[in-house]
Amino acid sequence: MTHSGPSAFAEVNEKVAQAGEILGLKSGVINALSSCEREVVISIPLRRGDDVEVLTGYRVQHSSARGPRKGGIRFHQDVDLDEVRALASLMTWKTALIDVPFGGAKGGVAVDASKLSPIEKEEIIRRWTRSLVHVLGHHRDIPAPDMGTDARTMAWLMDEYHRLEGFQPACVTGKPVELFGAPGREEATGRGVALIAAATLKQHDVKAKGATVAIQGFGNVGRYAALVCQELGMKVIAISDVSGGIVDKKGIDIASIFMHKSLENVEADERIGSAEVLEIECDILIPAALGSVINDKNASLINARFIIEGANQPITISADRELRAQGVVIVPDILANSGGVMGSYFEWTQNIQEFSWPIEKFRRELDTRMEAAFVNVHKVSRKYSVDLRTAAFVVSVGRVSEAFELRGSLV
Ligand code: NAD
């Protein structure tokens with residue numbers, strides 16, 4: 001979704017600058033942290049029928065100060081360089097916030113994933129990998145799935161990488177469990193979102209049992225967030241995907257609809273539009289689809305006490321200001337959806353060690369580390385008397401700038 005106002009990358013950099021000022025960083029360092037280390041734009045000729053359609057692909061590496069760059073690949077028609085820069089930068093802040101030894105990157109292809117056949121998808125990701133192999137690798141830059149890509153796409157990426165560079169399953173994460181993936185990784189982002197929702201309720205003395213939840217998105221993040229919220233006793237009263245939304249004030253049984261690919265044919269008490277779910281009266285709202293879905297146009301219509309950002313940048317900066325003025329507590333994306341990259345870190349380490357963990361260990365580690373990041377962000381929020389997003393950026397920008405400075409003065 002597009003919105004008028006600053007670009008997505010400018011919005012992230014506004015937060016970086018604000019955190020830099022709070023920390024007293026030099027303006028040159030803030031500038032360095034607001035720029036991307038490397039940006040590669042490629043063309044992908046895709047055979048379609050008798051003709052060839054030329055797609056544009058991207059890999060943006062924002063920072064390697066704290067380790068190899070890490071970030072997903074998005075297949076979506078709205079992908080452009082600015083969005084990929086913003087998402088690459090968010091990965092730097094996310095990996096620093098949860099203290100895993102990665103930097104930040106993001107990739108994408110401007111294409112409508114829903115209109116691709118499996119063979120076309122395979123052709124695109126193989127070409128993307130061949131064109132970018134020189135900047136990828138388990139100690140350089142490690143991709144993962146994002147919107148429009150999944151474990152199968154990552155399997156093709158790994159296979160192409162192996163053909164070119166030899167065996168190294170740690171070159172990509174989010175792979176199928178049967179092919180060097182880690183049990184627990186697929187659910188990790190949504191599970192993390194639900195854990196953060198529960199922790200937020202607890203912090204505000206609201207019981208999880210019966211707390212009402214509305215979710216936009218029924219893909220990887222939304223689906224697991226909904227399932228785990230239900231497992232934790234919350235009541236998911238509305239959920240939507242690109243085909244529309246469903247509402248049941250008594251609570252939707254997520255477990256029973258979990259295997260549906262789309263909500264289109266799910267029986268429901270009431271049907272609403274995809275975006276209307278954002279305006280439902282509820283305790284917790286989880287936007288888990290696209291960016292900028294909560295903006296100046298609908299901020300005043302939001303009817304939730306807490307917003308847990310499952311998607312990246314679902315709220316524009318000005319809407320964020322307005323909502324906070326209304327008293328809404330917002331848990332920012334770089335904390336709320338960091339379970340995905342945490343899970344990717346576990347998969348990466350297991351691949352490198354050639355030693356796999358049982359899912360119980362994966363979940364235990366994820367839960368403990370998410371909780372620690374949540375507690376730390378709240379501590380910093382109190383210390384500087386700032387909102388949670390600003391606090392999260394203060395933690396991350398502090399860590400990345402320290403690593404940047406420690407690497408030396410000669411750049
Ligand atoms: P996905 O492709 O699996 O699912 C996207 C969902 O959004 C689908 O249900 C789709 O129908 C829905 N959707 C698309 N357009 C919509 C619209 N206009 N209105 C309502 N719903 C719409 O993607 P995902 O992996 O679940 O990612 C969702 C968001 O979470 C993205 O912002 C992504 O960057 C972010 N994220 C994902 C991960 C991850 O591990 N997958 C990690 C961190 C952040």
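How do the residues of the shell around the ligand divide into nonpolar, polar and charged? I counted eight nonpolar, 11 polar and four charged. My classes put Ala, Val, Leu, Ile, Met, Phe, Trp, Tyr, Cys and Pro under nonpolar, Asp, Glu, Lys and Arg under charged, and the others, Gly among them, under polar.

**Ground rules**

I am working from a predicted model, where local features need pLDDT of at least 70 and side-chain atom pairs count only at pLDDT 80 or more, while totals for chains, interfaces and linings use all residues. Residues are numbered from 1 along each chain as its sequence is written, and side-chain values use heavy atoms, with hydrogens and water left out.

**The ligand**

I looked up who sits around the ligand and got 23 residues, where near means that a heavy atom of the residue lies within 4 Å of the molecule. The closest are Arg74, Asp146, Thr189, Val221 and Asn312.

Next I went through polar contacts (pairs of N or O atoms within 3.5 Å; within protein, one must be able to donate a hydrogen and the other to accept it, and residues adjacent in sequence count only if both atoms are side-chain atoms). Asn312 comes in with its side chain, a polar atom of which lies 2.9 Å from a ligand oxygen. Val242 uses a polar backbone atom, 3.0 Å from an oxygen of the ligand. Gly148 also uses its backbone, with an N or O atom 3.3 Å from a ligand oxygen.

I then checked the cover: the ligand taken alone exposes 830 Å², and the protein buries 84% of that. Accessible areas here come from the Shrake-Rupley method with a 1.4 Å probe, and for residues only the protein chains shown count as cover. Helix H6 (185-203), helix H7 (220-231) and strand E7 (235-241) are the elements that give two or more residues to this shell. Helices (H or I, at least four residues) and strands (E, at least two) are DSSP runs, numbered from the N terminus.

**The whole chain**

I found 13 helices and 12 strands. The radius of gyration is 20 Å, which agrees with the value near 22 Å that a compact globule of 411 residues would have. That radius is taken over C-alpha atoms, and the globule rule is 2.2 Å times the number of residues to the power 0.38. The C-alpha atoms fill a box of roughly 55 × 55 × 45 Å along the principal axes.

Buried residues are 57% of the 411; buried means under 20% relative accessible area, exposed over 50%, and partly exposed in between (1.4 Å probe, protein chains only). The accessible surface comes to about 17200 Å², with 50% of it on carbon and sulfur atoms. For contacts (heavy atoms within 4.5 Å), I took residues at least 6 apart in sequence, and 68% of those contacts join residues at least 24 apart.

**Residues in elements that line the ligand**

Ser240 is in strand E7. It is buried, with a relative accessible area of 1%. Its side chain reaches the backbone oxygen of Ser274 at 2.8 Å. Beyond four places in sequence, its contacts include Ile215, Phe218, Leu263 and Val277.

Cys229 belongs to helix H7 and counts as buried at 0% relative accessibility. Leaving out residues up to four places away, Cys229 touches Ala194, Val213, Met234, Val236 and Ile286. Its C-alpha is 8.7 Å from that of Val193, 36 residues apart along the chain.

Gly108 lies in strand E4 (residues 104-109) and is buried at 0% relative accessibility. Outside its sequence neighbours up to four places away, Gly108 touches Arg74, Trp128 and Thr56, among others. I noted Arg74 as one of the closest residues to the ligand too.

Glu120 is in helix H4 (residues 118-132). At what relative accessibility does Glu120 count as buried? The value is 14%. A polar side-chain atom of Glu120 lies 3.0 Å from the backbone nitrogen of Ser117. Leaving aside neighbours within four places, Glu120 is in contact with Leu46, Arg47, Arg48 and Lys115.

**Positive phi**

Phe180, in the loop between helix H5 (151-165) and H6, has phi near 70°, positive in a residue other than glycine. Phe180 is partly exposed at 36%. Asp205 sits in the loop between H6 and strand E6 (212-216), with phi near 55°, again a positive value in a non-glycine residue. Asp205 is exposed, at 73% relative accessible area.
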